[in-house]
Amino acid sequence: MTLSGMNVSRRKFLAASGGVVAAGLVAANLSTLKAVASGHSPAPTGEIGEKHIASSCEMCVNKCGFFAHVVDGRLKKLNPNPKFFKSRAMLCARGNAGAEEPYNPERLTKPLLRVGERGEGKWKEISYEEAFKLVAEKLKEFKVKNENRSSVAFASSEGFQEEMFQYLVQSYGSTNTVRHPTLCLSSVIQGWSSVYGVYPDADLKNSKFVIMFGANRAEAIVTPDSIDFVKYKPEGAKLIYLDPRFTNTATKADKWYPVKPGTDLAFVLGVINVIITEKLYDAAFVEQFCDGFADLETMIAPHTPEWAEKECEIPAVEIRWVAREFAKAAPAAVAYPGRRTSWYVNDVYFRRACAILTAICGCWDAPGGICPKASVPLKNLDPLFPYFEMTDDRIDVASSVKNRLPQDKRSDNMPTDSVAYLGEKDGSWLRFRDAIIAQDPYPVEAMIVYKQNFIEAVPNRAKTMEMLKKIKFMAVIDIQMTEVAYFADLVIPESTYLERWDSVHNLASIWPIATFRQPVVEPVFGTKSMFEIAGGIINEMLKLPELWDDADEMEVEDFKMDVAEDIFGQPLEEYIKHQLADHPGAYEQMMKEGVFYLTDEASYGKTRNPEFRFKTRTGKIELANVKYADKGLSPLPIYAAPRQPEPGKYRMILGRHGFNTHTGTQNNEYLWEIQKENVIWINTAEARKIGVISGDYVTVKSSVGEQTVKVFSTEKIRKDCVFFAHGFGRLSPQLSLVYKKGASQAAILEDYLEPISGNAAMHETFVSIAKA
């Protein structure tokens, strides 16, 4: 079998099965993974026999394929799927540890209604039917009271079942939805889309020269990139890595530059300057496919490598070397886009600069370059939802609350009371929260939340708790008692990804593949999926006339047929069959192999056609963005120096790792073996000044909060920065492994906003440190 040009022999498959170590770089002590269910209660089915069932992972965003080894109805182990070429037949430490999820002793098992004060932890068990009825009644209550469906907000995190949650949102009609991207990747999406009209992928498998900016792919796993840049790196290829920390990715790099925080843009502008002034760019590609080169050429003139060196503290000779090598390797050269880019207030301009560097060297839609994503054609239902009259505009759009911006020149000419390009479904978490607190221009009094732990995800935890005081009713759907669940009024347990059906989803990429989920074990505690929960709530909503009196009667009747009956009135397996109906045999292949694809070969060059029109206003690759100029933004990426910490203070920087995903996996027993609390990285020289060594505890304080955390004194971080991992210092007692263990990022981070995309700017916080 060929996987994207790679022959997978038995030897390679066995090596991939051990890829948990190579990809996660962490799993040395996971002895308990040998038989994950052996120490837990037996499955309730009484099933006898052994099976290997194909499905896909939900322990992070990658959704890697696996085969579940099930014996007598109990999950024994998860093994990588050799046909799942997006993950290069790998399953990491987190993927293996996912087998613990159905049997976690602290998972939610019954719907819970709060009976004490919020945060007291006093609950009573109710049935799912009672929970569905309560949610429907509350939706009616706030719609009638406020004459505004948008007085109820809906928050969700990325995942296959989020589609079903969004069907519930549309069934109610609120415009107020907030999602994960404005805490993560909205700035990189906006930055690259503003140049090419799409958010693309990097072909690391074939690239000869890669520049990565803080994208710690050896630990912050993104498939296939985390495998390709190490295991399938072409002979002679070079990796250049910029990061204030010496991470595991830095150990794999040919050169590591400890860039001064907030100055990556200066480095890229210096590289572009060399390429243009030395005429190393692809003139034919620029002439045929790009717009705005003359403006770029004028703008870039003063941004010499010597100028850049003063800003980013990377020698001019190195900047020149990078520029020449990048151009020499083109088009098989990559300025890596990354994923989590919630860094600085000017992050969109930085991402635009990376996209522009790619364009002028012709590194677009070619092997080893940056490529548009492709997808597997699926048949969608496209249900129609009623138009509701009692619905106001999004609160983060309509509100006049001011954006929190750093007081320096980067904030000049940035939007101060709006977001220039706000995603219709994503919203902007920071503006959304501020508008709810201000009740401007209307009150939001209820929230329905699907698996988004925003208390620990959104910067400035104290302000989030202030927002919750404005929320009179909050229902949370999740598998564990997160902080948001712990402070909710109603908690509805969802089945884990190993216990449910999930509809088919495209994993769009250079190598497009579609996957789904099927239950590998029956729900251990009789829980329900989001599909069943959404259907149950919608059925209760249909019993309440007050929820439909501002919609056309015919539209409501169509909705009953299209949504309540055709989607939620049928088993989810029928929905999956419909999605694959245009591909004979696809459903059977999906059930057997867990994947469906039309080809495992990459396709290049479709957009390098003179007749192709990019999704930009000019129809070309926009080096100077026309729409930006219309909005008062700079059409070209402008640089201004970031503010610096005062003496005795440090910039807090963030980063992901291979141990955990966001705040969702720290209470997993097997992953907890690896990381039981977080530690703060402090440069050794700075630690001496403070009077601490590794193992001591320090108090970390910002303008919005303080935390106590253990010290890791190291030479692997710049003197002006500190870092600690996400997901610790928790407030929920039902996450007992990490309750009050370590430090919370959300409690420390200040809530600065990147106002072009609405992303949080999480690297703008300065902290003081003292021995605890």
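Helices here are DSSP runs of H or I, at least four residues long, numbered from the N terminus. In this predicted model, helix α14 is followed by Gly-362, whose phi is positive, near 70°. The chain has an average pLDDT of 94, and 94% of the residues score at least 70. A search of the whole structure returns 0 disulfides.

**Confidence**

- Residues 1-40 stay under 50 in pLDDT, and the model has 86 contacts beyond four places in sequence for this stretch.
- Where pLDDT is low, predicted coordinates should not be read in detail.

**Helix α14**

- Helix α14 spans residues 347-360 and has 14 residues.
- From its first C-alpha to its last, α14 reaches 20 Å, close to the 20 Å expected at 1.5 Å a residue.
- Because 14 of its 14 residues are buried, α14 is largely enclosed by the rest of the structure.

**Cysteines**

- A disulfide is a covalent bond between the sulfur atoms of two cysteines.
- The cysteine sulfur closest to that of Cys-57 belongs to Cys-60, at 6.1 Å. A disulfide requires sulfur atoms within 2.5 Å, so the distance of 6.1 Å is too far for a bond.
- Cys-184 is likewise in no disulfide, and its nearest cysteine sulfur, that of Cys-60, is 12 Å away.
- Cys-57 counts as buried at 6% relative accessibility, and Cys-184 counts as buried at 2%.

**Ala-420**

- Ala-420 sits in the loop that runs between α15 (395-398) and α16 (429-438).
- Its relative accessibility is 15%; the cut-off for buried is under 20%, so Ala-420 counts as buried.
- Beyond four places in sequence, Ala-420 touches Pro-415, Lys-631, Leu-633, Pro-755 and Ile-756.
- Ala-420 and Gly-655 are separated by 235 residues in sequence, and their C-alpha atoms are 27 Å apart in space.

**Asn-453**

- Asn-453 belongs to the loop between β17 (446-450) and α17 (454-457).
- With a relative accessible area of 7%, Asn-453 is buried.
- Setting aside neighbours within four places in sequence, Asn-453 is in contact with Thr-482, Glu-483, Val-484, Thr-663 and Arg-730.
- With one of these residues, Thr-663, Asn-453 makes a polar contact from side chain to side chain, at 3.3 Å.

Definitions and conventions:
Residues are numbered from 1 along each chain as its sequence is written. This is a predicted model: local features need pLDDT of at least 70, side-chain atom pairs count only at pLDDT 80 or more; totals for chains, interfaces and linings use all residues. Side-chain values use heavy atoms; hydrogens and water are left out. Helices (H or I, at least four residues) and strands (E, at least two) are DSSP runs, numbered from the N terminus. Buried means under 20% relative accessible area, exposed over 50%, partly exposed in between (1.4 Å probe, protein chains only). Contact means heavy atoms within 4.5 Å. A polar contact is a pair of N or O atoms within 3.5 Å; within protein, one must be able to donate a hydrogen and the other to accept it, and residues adjacent in sequence count only if both atoms are side-chain atoms. pLDDT is the predictor's confidence in each residue, from 0 to 100. The expected span of a helix is 1.5 Å times one less than its number of residues.
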